[in-house]
Amino acid sequence: MTTETLNIREMCEAFEVTPRTLRFYEAKELLFPIREGQKRLFTKRDRARLKLILRGKRFGFSLEEIRQLLDLYHMDDGQLTQLSKSYELAKTHLADMEAQRAELDEAIAELKSQMKWGEDKLAEIAKDKTAAA
């Protein structure tokens, strides 16, 4: 991508999002495209912000958390505050994701056990029917 602006269609293609998504992020004041009448033009800054928004969403960050992190960019401290806060939030989200994975692994093991029981029971019933016939 170059430093020039992209229209909404080009942004959608570049980031595989819908126009509705871009308008939603604009309404939530996460993106600030240049407005020319009805046309929205997205700058390099908007593209960087959208990339971070999508990454944050993938990692389970709320839009408010993402907004707060993006707002810390202009703190004039070499991004120390932004990176520190990002790191702390990431640690929390990673712990949550690992806990969810553990719960999911347990549920999968339990379901497999129940399915094995059902498979054995079906085989037993089929065997009894064959023997009775």
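**Glu26 and Arg40.** I looked up the side chains of Glu26 and Arg40 first: a polar contact of 2.4 Å joins them. A polar contact here is a pair of N or O atoms within 3.5 Å; within protein, one must be able to donate a hydrogen and the other to accept it, and residues adjacent in sequence count only if both atoms are side-chain atoms.

**Ground rules.** I am reading a predicted model, where local features need pLDDT of at least 70 and side-chain atom pairs pLDDT 80 or more, while totals for chains, interfaces and linings use all residues. Numbering starts from 1 along each chain as its sequence is written, and side-chain values use heavy atoms, without hydrogens or water.

**Around Glu26.** I placed Glu26 in helix 2. Is Glu26 buried or exposed? Glu26 is buried, at a relative accessible area of 16% (buried is under 20%, exposed over 50%, partly exposed in between, with a 1.4 Å probe and protein chains only). Leaving out residues up to four places away in sequence, I found that Glu26 touches Leu31, Pro33, Arg35 and Arg40 (contact means heavy atoms within 4.5 Å).

**Helices.** I noted helix 1 at residues 8–15 and helix 2 at residues 19–27. Both come from DSSP runs (H or I, at least four residues; strands are E, at least two), numbered from the N terminus. Ile8, Met11 and Cys12 of helix 1 meet Pro19, Leu22 and Arg23 of helix 2.

**Sheet.** I then traced an open sheet of three strands, order 1-3-2, with antiparallel pairing (strands pair if DSSP finds at least two bridges between them). Two bridges join strand 1 to strand 3, residues 39–42. Leu6 has Phe42 in strand 3 as its bridge partner.

Key
Axes are lines fitted to C-alpha atoms, for helices over the stretch in contact, and angles run from 0 to 180 degrees between N-to-C directions.
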